[in-house]
Amino acid sequence: MANEVSRLSPVVTATPSRRHGLDQWRGTWLWRLGIALSRHLLLLPLTIIFLFPWFWMITTSLKTSDQILQFPPKWIPNPITLQAYPEAFFDASMLLYGRNTLILCTFNVIGAVISNCLVAYGFARIRWPGRDVVFLGVLATMMLPYQVSMIPLYIIFNRMNWVNTYLPLIVPTYFAAPFFIFMLRQFFRTIPDDFTDAARIDGATELRILWSVFIPLVKPAIAVVALFEFIGNWNSFLGPLIYLTDEKLWTLTLGIMGLRMHYGLSNYAVIMAAIFISLIPVVVLFFLTQRTFIEGITLTGLKG
């Protein structure tokens, strides 16, 4: 028995030392560098795949017509020309289409923030009979695709003489959206009831509680709703295509489609330049609000 213990004792005493050495190795800068390099090597191919459409769009906008039609394709334009950008920005009425799109985005962002905050507050903080059942019904409408209601909505708006105006694209946002209602409701539920009870004891109405207590606390979630609504309307194509027939009312997406129909493959650089110009405001807005956007996404929908 003593011999067996003596033979096993080196193994027992060596195991903690090996673990201790491994723990020390994990804390070194070489270990951290290796982990960081492995992560970057894993993300690098995905980044290249993601950035390739951007690379192709920018390089195509800098090519001449002869270079665009070359086969095999020429990856780097030589010579580089910027002629497509002034033509896309001025001659293609991009300023007019950009103004129309900005008008739609502004009214829709305001409507989405106001309506969704009111409805979400009613589902989250006001107790009334059948509240949870109605909320489940609202969530069930998210399974209904837009293509199902597209024709009935067009018939209704056509009978109201709203076709070829911005009203069919603006008015529905003032009646809230199920996805935004769910997001804001989840955020409202994370706020303690003590704030609401204290405000009610002081005689505050529900609208006063929403404006003075909840709105300052849910700014990240409101920023997410506003950003989603802005990007969705900025890139919207199907709605303007259905309801806007006058070219003077077209948005950027319809204007780019008009460029495609006008130029075809004869001047593809202008189309790519117009697409790149239309993407700049969205990219800049996202990077300016990135921290608030990530904070809102993190806090919304994961609690409550």
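**Exercise 1: The largest pocket**

The lining of the largest pocket comprises 23 nonpolar, nine polar and one charged residues; Ala, Val, Leu, Ile, Met, Phe, Trp, Tyr, Cys and Pro count as nonpolar, Asp, Glu, Lys and Arg as charged, and the others, Gly among them, as polar. The model is predicted: local features need pLDDT of at least 70, side-chain atom pairs count only at pLDDT 80 or more, and totals for chains, interfaces and linings use all residues. Residues are numbered from 1 along each chain as its sequence is written, and side-chain values use heavy atoms, with hydrogens and water left out.

*Task.* State which residues lie nearest the centre of the largest pocket, and which elements give two or more residues to its lining.

*Solution.* 
1. Of the 33 lining residues, Tyr146, Pro172, Thr173, Ala176 and Ala177 lie nearest the centre.
2. Two or more residues each come from helix 5 (94-125), helix 7 (146-159), helix 8 (167-170), helix 9, helix 12 and helix 13 (238-243).

**Exercise 2: The second largest pocket**

*Task.* Determine which helix gives the largest share of the lining of the second largest pocket.

*Solution.* 
1. The lining consists of Ala124, Arg125, Arg127, Arg131, Arg189, Asp193, Thr196, Asp197 and Arg200.
2. Helix 10 gives the largest share, four residues.
3. By class, one lining residue is nonpolar, one is polar and seven are charged.

**Exercise 3: Helix 9 against helix 12**

*Task.* Classify the relative direction of helix 9 and helix 12.

*Solution.* 
1. Helix 9 (residues 178-188) and helix 12 (residues 219-234) have axes 10 Å apart and pack at an angle of about 165°.
2. The two helices are therefore roughly antiparallel (angles over 145 degrees; under 35 is roughly parallel, 65 to 115 roughly perpendicular and the rest oblique).
3. Helix 9 contributes Phe179, Phe180, Met183, Leu184 and Phe187 to the contact, and helix 12 contributes Ala221, Ile222, Val224, Val225, Phe228 and Glu229 (contact means heavy atoms within 4.5 Å).
4. These contact residues comprise 10 nonpolar, no polar and one charged.

**Exercise 4: Helix 10 against helix 11**

*Task.* Classify the direction of helix 10 relative to helix 11.

*Solution.* 
1. The axes of helix 10 and helix 11 (residues 206-217) cross at roughly 130° and come within 10 Å.
2. This angle makes helix 10 oblique to helix 11.
3. Phe195, Thr196, Ala199 and Arg200 of helix 10 meet Glu206, Ile209, Val213 and Phe214 of helix 11.
4. The contact divides into five nonpolar, one polar and two charged residues.

Notes:
Axes are lines fitted to C-alpha atoms, for helices over the stretch in contact, and angles run from 0 to 180 degrees between N-to-C directions. On a 1 Å grid over the protein atoms alone, a cavity is a set of points where a 1.4 Å probe fits but cannot get out, and a pocket is an open set with protein on both sides within 12 Å along at least five of seven lines; lining residues have an atom within 4 Å of a point.
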